[in-house]
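User: I would like to go through this structure with you, one topic at a time. Could you begin with a loop residue?

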Amino acid sequence: MDMGKLQITPLGGLGQFGMNITAFRYDGQMIIVDCGMMFPDEDLLGVDIAIPDLTYIEDHRDELIGIVLTHAHEDHVGALPYLLREFPDAAVCGTRFTLAVVKEKLAEHGISADLQTAEPRTMGMVGNHIDFEPLQVPHSVPDAVGYALLTDAGLVIHTGDFKVDWSPVDGKLLDVRRFAELGETGVACLLSDSTNAEREGTSISEREVGESLMRIFAGPLAKGRIAVAMFGSNIHRVQSVLRAALAHNRKIVMLGRSMQTNVRLALDLGYLRCPPDSFVDPEAAGHFSPRELVVLCTGAQGEPRSALARLALGEHPMVQLEKNDLVILSSRVIPGNDRAIGNIIDHLVRRGCRVLSGSSGSGELVHTSGHAFQGEQRMMIDLVRPRSFVPIHGEYRMLAAHARTAEAAGVNPLACVIAEDGDAVELRKDEIVAVVPHAVSAGRRYLDARGAFADVGEVALRDRQLLAETGMLVCFCVLDHKSGEVVRGPELFGKGVAGLDESRLAQGRQAALDALAELAPAQRTDHGIVEEALRRAVRSVWKKGLEKRPMVLPVVLEM
């Protein structure tokens with residue numbers, strides 16, 4: 001690597017939502033900012049999570065000296081256990097709440113790590129050539145930070161996920177003064193959150209959601225239980241729910257593992273304020289009248305086995321929702337989850353519940369974004385006045401919209417670059433950034449939780465998709481091991497195959513028998529030849545009759 005050149009390489013999070021991870025290499029040393037996961041599309045059957053392809057980091061394993069984390073959301077820390085399995089000696093730096101969540105996650109995987117607490121306005125050093133400083137930013141999880149990264153090539157600011165909230169629930173404002181001070185010293189490059197780059201104006205304060213929840217709890221819809229479904233990590237929203245519940249003499253029942261874990265950590269660390277006797281165990285919920293309970297649960301994205309899904313279906317063993325209960329979906333709809341959420345709402349309404357969401361037209365605010373809108377993004381650019389600008393965290397059109405905002409703010413258009421995963425953004429002292437497209441390997445690894453998070457390769461994914469689309473036929477036969485004569489079969493069995501009637505099964509058996517008859521005796525003793533002949537013969541029957549090509553699995557035994 002060239003001396004004096006800082007190479008910034010996004011390995012995830014650019015051109016997509018989730019799986020955020022960026023590598024910074026300078027003078028033979030590398031640090032990683034975040035290491036997130038994402039949930040897969042529905043068509044990736046049997047895949048539970050996707051993590052970044054870590055090949056680039058593994059290829060430079062001798063250079064990795066540390067990992068810094070911006071906040072505790074899964075799309076920023078969810079893949080950390082898989083990285084630390086390969087690099088157990090790497091130091092992990094983050095704020096208190098972030099590291100508390102990470103510690104729990106690593107314990108689930110049986111991993112220990114060197115966790116080092118970092119606080120805003122304190123300088124840290126990773127290796128000999130990269131200094132870093134956490135920068136306080138508001139977001140939808142406690143203790144979120146961006147980072148100022150200082151090398152001899154220049155000062156780089158990575159905002160992490162942020163918004164500008166002038167009345168945050170926890171009182172922690174964007175550190176405007178520090179961002180402006182860094183801008184005065186000269187920022188070589190700004191990497192900034194692009195999630196809401198297409199939304200004009202500014203985002204709504206989290207405090208306004210809390211005020212809205214207070215009105216809902218006091219209003220005419222609060223006749224029975226109130227269930228609030230949301231992300232378990234949104235501790236600021238949890239605090240608002242707790243305040244509303246206490247103000248109206250309701251006890252809180254928590255359902256969902258992530259909700260229980262995050263609330264416990266937040267209480268232990270002092271990020272939540274609530275009397276201990278405000279909570280009741282799910283087992284005791286039946287001892288309280290509906291008007292005395294608030295159910296705080298996960299599942300607002302329609303996850304099939306979540307607490308909310310089980311409540312909607314009447315399958316939760318300890319808590320039941322009934323007519324006149326109120327359900328508040330207090331989160332945004334992640335693209336792709338619309339149908340699943342709609343199904344859950346249908347089930348809730350069938351049970352007689354009233355459902356409030358961002359699209360229910362109630363007039364009350366039940367959610368606000370944790371990401372900056374265009375006006376806040378422009379403010380960040382104006383504060384730090386970067387020489388170069390790289391939009392991060394978002395789909396391509398969002399990155400492009402954010403780049404236009406930077407240009408409008410006065411950043412040199414040649415220095416506003418849109419990078420994608422695997423591109424290398426190169427920075428030298430007193431120069432604008434340059435992009436080397438497709439410089440490194442970048443992609444996804446798909447993991448199956450039911451296989452102890454085993455890697456699901458491309459071949460397995462193709463096979464699963466083929467099975468889902470066309471089904472599978474098993475062609476079974478027994479051959480004499482000396483003569484190759486058919487002793488039994490061929491027999492056909494099918495699963496999920498269209499046109500699986502007795503007539504077509506008979507055609508398939510005959511086609512298989514004819515294919516065996518065409519083979520010479522010596523060929524019938526070769527399993528590979530026999531299996532391929534059976535596969536082609538059986539598949540041809542479905543292709544001719546139905547234009548389908550089901551997977552055919554030949555099973556050939558000898559006796």
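Analyst: Gly499 sits in the loop between strand S24 (486–495) and helix H14 (502–517); helices (H or I, at least four residues) and strands (E, at least two) are DSSP runs, numbered from the N terminus. This is a predicted model, in which local features need pLDDT of at least 70 and side-chain atom pairs count only at pLDDT 80 or more, while totals for chains, interfaces and linings use all residues. Residues are numbered from 1 along each chain as its sequence is written, and side-chain values use heavy atoms, with hydrogens and water left out.

User: Which residues is Gly499 in contact with, leaving aside neighbours within four places in sequence?

Analyst: Gly499 is then in contact (heavy atoms within 4.5 Å) with Arg504, Trp542 and Leu546. Its relative accessible area is 26%, so Gly499 is partly exposed; buried means under 20%, exposed over 50%, and partly exposed in between (1.4 Å probe, protein chains only).

User: What separates the C-alpha atoms of Gly499 and Arg354?

Analyst: They are separated by 44 Å, and the two residues are 145 residues apart along the chain.

User: Now the aromatics. How many aromatic pairs are there?

Analyst: The count is 2 aromatic pairs. Rings of Phe, Tyr and Trp (its six-membered ring) pair if their centres lie within 6.5 Å; planes under 30 degrees apart count as stacked, over 60 as edge-to-face and the rest as tilted. Phe97 and Tyr271 form an edge-to-face pair, at 5.7 Å centre to centre with 70° between the planes.

User: Why does the pair of Phe97 and Tyr271 tie together parts that are apart in sequence?

Analyst: Phe97 belongs to helix H4 (residues 96–108), whereas Tyr271 is in the loop between helix H8 (257–269) and strand S15 (293–297), so the pair joins parts 174 residues apart in sequence. Phe97 is buried at 0% relative accessibility, and Tyr271 is buried at 17%.

User: And the rings of Phe132 and Tyr147: what is their geometry?

Analyst: Their centres are 5.9 Å apart and their planes at 65°, so this pair is edge-to-face. Phe132 is in strand S9 (residues 130–136) and Tyr147 in strand S10 (residues 145–151), 15 residues apart. Both Phe132 and Tyr147 are buried.

User: Turning to helix H12, what do its buried residues pack against?

Analyst: They pack against strand S12 (189–193), helix H11 (374–384) and strand S18 (388–392). The buried residues of H12 include Met398, Leu399 and His402.

User: Which residue follows H12?

Analyst: Gly410 follows H12, and its phi is positive, near 105°.
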